Amino acid sequence: MKFAGKVAVVTGGSRDIGRAVCIKLASEGASVVVNYNSNEKDADATVAEIETAGGRGIAFKADVTKPAEVDALIAATREAFGDEIHVLINNAGGLVARKTLAEMDEDFFNSVMQLNTTSTFLACKAAVPFMGEGSAIVNLASLAGRDGGGGGALAYATSKGAVMTLTRGLAKELGPKGIRVNALCPGMIATGFHDKFTPDAARENVANATPLKRQGRAEETADAIAYLASDEASFITGANIDINGGLGFS
């Protein structure tokens, strides 16, 4: 029960990696806020699973690209579980669509940056005033942020590279306050993200090129995130940790 008595906010917590993180943190004692934007049914199902297992959780709708809604998310967290926030997981994000440089316009590029990078900035800005010494932030970056991503992922890879740099900068700024900031960089994880954007043949090719010869699981990613958020990682900050089965090395 490494998160007993702690409060955690997980953006994009209704499905896939976010859902696995919510369930993992709750299983270790955290009171969890499951943020969602459009998947209310999935968010409620995640809370129900948490409560059935004896944990505490609430679902809260907020578009985390909008400052007022992020502020409302943090306010609802404090109203439900007390003034202090101990763990922030910035998981909300996505590819939106695969587009090459020639195919995308400025509005598309900016929308991807807002979804992945601005949302992380806004959640940190809103939550940090209520985070004390020993608190932790874990951002979701990507292998794409290291290697530029696959075809049509230019905007996504750029946004995740920015998340990695934001993580390093925040670690330096917040370290003296006792707040750690790290990021996880997943490779090919078997989630709805790839169900939507990556053809089966391409997924099979990536799995075959991976030393472990498979895709990762959302639960494995959640385990790594929970470790980075826990006191077991108390001397790790500013790190962008790979979880990709050996597909790429930093």
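## A walk through the fold

Let's start with charge: the protein carries 24 positive and 29 negative side chains, and the centres of these two sets lie 3 Å apart. Keep in mind that what you're looking at is a predicted model.

Now for the overall build. Another way to picture the protein is by its principal axes, along which the C-alpha trace spans about 45 × 40 × 35 Å.

What about inside and outside? Of the 250 residues, 48% are buried.

Next, the interior. In soluble globular proteins, nonpolar side chains tend to be buried together. Here, the largest nonpolar core has 28 residues, and the ones touching the most other members are Val21, Leu25, Val32, Ile89 and Ile225. Several elements give two or more residues to this core: strands S1 (7-11), S2 (31-36), S4 (87-90) and S5 (136-140), along with helices H1 (16-27), H2 (40-52) and H9 (218-229). Setting aside its neighbours within four places in sequence, Ile225 is in contact with Ile17, Val21, Ile89, Val138, Leu140 and Leu184. There's also a second, separate core of 25 residues, and among its members are Val64, Leu73, Leu88 and Ala123.

Let's zoom in on a few single residues. Cys124 sits in helix H4, which runs over residues 106-127. Is Cys124 buried or exposed? Cys124 counts as buried because its relative accessible area is 3%, and the cut-off for buried is under 20%. Leaving out neighbours within four places in sequence, Cys124 is in contact with Leu88, Asn90, Ile137, Asn139 and Leu170. For a sense of distance, look from Cys124 to Arg19: they are 105 residues apart along the chain, and their C-alpha atoms are separated by 20 Å.

Arg203 is another one to find, in helix H8 (residues 200-209). Its side chain belongs to a charged type of residue, as Lys and Arg count as positive, yet Arg203 is buried, with a relative accessibility of 8%. Which residues does Arg203 touch, not counting those up to four places away in sequence? The answer is Met188, Ala190, Thr191, His194, Asp195, Thr198 and Gln215.

Asp16 is not a glycine, but its phi is positive, near 55°. You'll find Asp16 in helix H1, and at 29% relative accessibility this residue is partly exposed. Lys213 isn't a glycine either, and has a positive phi of about 60°. Lys213 lies in the loop between H8 and H9. With a relative accessibility of 54%, Lys213 counts as exposed, because exposed means over 50%.

Key
Residues are numbered from 1 along each chain as its sequence is written. This is a predicted model: local features need pLDDT of at least 70, side-chain atom pairs count only at pLDDT 80 or more; totals for chains, interfaces and linings use all residues. Side-chain values use heavy atoms; hydrogens and water are left out. Buried means under 20% relative accessible area, exposed over 50%, partly exposed in between (1.4 Å probe, protein chains only). The place of a charge is taken as NZ of Lys, CZ of Arg, CG of Asp or CD of Glu. A nonpolar core is a set of buried Ala, Val, Leu, Ile, Met, Phe, Trp, Tyr and Cys residues joined through side-chain atoms within 4.5 Å. Helices (H or I, at least four residues) and strands (E, at least two) are DSSP runs, numbered from the N terminus. Contact means heavy atoms within 4.5 Å.
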